[in-house]
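Have a look at the model first, then read on.

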Amino acid sequence: MTVIGVSDSHNSAVAALCQDGTVAAVQEERLRRIKNFHDIPTMGLDWLRREIGVEPQDVSVLALAGMPTVPLDRPGWIDVFRRSAKWQGRLRTALGQTPLRLAVERKRAQERLDTYVAMGFRPEAIKVYGHHACHAATAYFGQKERTEPQLVLTVDGGGDGLCASVSIGQNNTLKLLHEVPYPDSFGTLYAVVTYMLGMVPLEHEYKIMGMAPYAAMSGSRRIADRLHTLFRWVDDRSPVWARAPGVPHTLHIQPVLEKLFYEQRFDTIMGGVQLFTEEILCEFVRRAIAETGIRRLCLSGGVFMNVKANKRIMEMEEVDSLFVFPSCGDETNAIGAAYLARAERQGGGSVPALSTMYLGPEWADEEIRADLAEWIERGDIILSQPDAINDAVADLLVEGHVVGRFAGREEFGARSLGNRAILADPRNPDVIREINEMVKSRDFWMPFAASIAAEHADLYLRNPKQVSAPYMILSFDTTGAGAEQLKAGTHPYDRTCRPQVVTQETNADYWDLIQRFASRSGVGGLLNTSLNLHGLPLVHRPRDAVHVLLNSGLNWVAIGPFLVTKPK
């Protein structure tokens with residue numbers, strides 16, 4: 001039985017779940033070179049067909065995540081939020097509450113079905129699963145503990161008319177307890193604030209989180225208290241919230257926020273929005289635990305990409321264990337849809353727990369040479385093959401160079417996990433400016449992350465609950481050694497770290513590189529940021545890595561066993 005999951009909404013993606021439990025997945029943005037591509041992932045489906053060797057007509061289930069949505073690019077999303085504060089945006093939402101909405105949804109659903117059938121998928125094999133059901137499935141089936149009850153929470157901007165849910169997972173099944181309607185979404189409020197501050201909604205929310213620690217707590221507290229007045233809990237005990245009387249749909253809340261934010265500094269606004277988000281999420285968790293008595297948490301949905309909020313949840317006394325599905329935005333709903341289809345057909349016990357996020361393509365040595373042939377022939381790049389590529393890269397890093405790394409299978413999701421990465425010595429804070437100026441063009445206040453060999457994790461991270469952290473979805477306070485030796489891979493103000501803890505079992509080659517760097521420097525970690533130019537997705541092909549090299553100040557990229565540089 002082969003199941004293919006598809007998320008064709010924001011940041012489209014595909015995932016295949018094969019009978020033997022293997023998973024392959026890729027985001028459409030990587031193949032098209034269009035960040036956050038939003039539409040049917042035709043190129044991803046074609047890659048899956050070649051990768052797993054199954055033709056569309058032979059797929060057991062094509063599992064679609066959520067109802068069809070209108071494809072939007074970056075200018076399109078900006079326009080949505082621009083209009084949302086005006087009568088045109090409010091009228092569009094109002095029309096969505098009329099019978100006209102059902103007719104439009106039926107038309108979109110049929111057009112979507114026709115598109116997949118035209119690609120060769122059998123109509124009877126196509127099934128749609130709810131947006132938040134897919135998020136819940138990633139959170140529950142993605143972790144390994146299925147016997148003891150798990151509290152499964154989802155929160156995002158919105159999907160299929162919802163913004164949050166509460167479920168219990170036990171014995172390989174999920175039981176839904178509560179749902180929160182989309183108009184009450186504080187995830188959407190966060191996106192509105194992102195737009196109001198001149199940034200791109202559904203893309204730059206992380207910049208608010210990054211700035212928040214710099215804000216004075218007194219100002220952040222003032223803004224957070226004002227934001228709390230916009231929402232209420234439906235009763236004294238329920239983990240369900242709603243907008244306070246008179247507060248508009250959060251998509252249209254900009255005029256209200258303009259009054260709340262009047263004459264407030266931008267950093268105060270960012271700090272207050274982040275503080276409010278952390279507090280309402282923690283209260284959501286507290287109430288859900290109190291209602292169910294379950295202290296083991298599984299989380300998914302785009303709001304839980306907020307690693308600072310996840311840190312607050314992890315540290316709550318009520319929480320015994322925490323699993324956040326890595327890169328839990330809508331791209332992972334392709335995996336969630338595949339999980340649900342497999343569970344429905346063969347039982348939840350047949351769904352494999354997540355073991356890796358290295359789910360994309362891997363390039364053989366001869367394929368790398370072929371992909372780079374035209375640049376080599378023109379003399380645009382110099383390609384060499386050291387005796388040991390990890391020794392060569394470790395030497396460059398110790399000498400102070402910034403090095404790109406393209407190795408092994410491509411990571412799935414928003415985080416670089418070392419295989420499509422820009423690496424540097426984490427002891428040197430000056431490297432932050434260097435990377436930003438040569439490649440990334442990031443805002444000056446944004447921190448970088450660190451990859452840490454598991455053997456050094458306790459030396460660098462304060463993790464009293466010993467929460468597993470292999471996917472950069474959590475943040476931790478650092479120890480004295482961590483703050484000093486990982487200085488460039490921590491937040492410059494509060495010294496927290498968003499780590500990827502690397503084991504020999506999860507990525508032997510990358511673990512080996514970190515160990516070789518440690519043998520030369522005494523530091524068991526590396527600064528790690530994604531290998532891409534500003535505004536473009538993570539690199540997908542070797543030639544994409546060379547494009548970064550030739551269009552930036554970067555001088556070295558390791559691609560497979562090869563070391564690539566520019567002519568002098």
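This is a predicted model: local features need pLDDT of at least 70, side-chain atom pairs count only at pLDDT 80 or more; totals for chains, interfaces and linings use all residues.

Zooming out to the fold, DSSP gives the chain 21 helices and 22 strands. Its radius of gyration is 23 Å, close to the 24 Å from the globule rule for 568 residues, so the chain is as compact as a globular protein of that length. Along the principal axes, the C-alpha atoms take up a box of roughly 65 × 60 × 50 Å.

The chain exposes about 22,400 Å², and 51% of that comes from carbon and sulfur atoms. As for contacts with a separation of 6 or more, 71% are between residues 24 or more positions apart.

Now for a closer look at one strand. S11 covers residues 296–300 and is mostly covered, with four of its five residues buried. Strand S6 runs parallel to S11, and so does strand S12. Here are the two pairings side by side:

| Partner of S11 | Residues of partner | Bridges | Direction |
|---|---|---|---|
| S6 | residues 150–159 | four bridges | parallel |
| S12 | residues 321–324 | four bridges | parallel |

Down at the residue level, Ser300 in S11 is the bridge partner of Thr154. On the S12 pairing, Leu297 stands opposite Leu322.

Conventions:
Residues are numbered from 1 along each chain as its sequence is written. Side-chain values use heavy atoms; hydrogens and water are left out. Helices (H or I, at least four residues) and strands (E, at least two) are DSSP runs, numbered from the N terminus. The radius of gyration is taken over C-alpha atoms; the globule rule is 2.2 Å times the number of residues to the power 0.38. Contact means heavy atoms within 4.5 Å. Accessible areas come from the Shrake-Rupley method with a 1.4 Å probe; for residues, only the protein chains shown count as cover. Buried means under 20% relative accessible area, exposed over 50%, partly exposed in between (1.4 Å probe, protein chains only). Two strands pair if DSSP finds at least two bridges between them.
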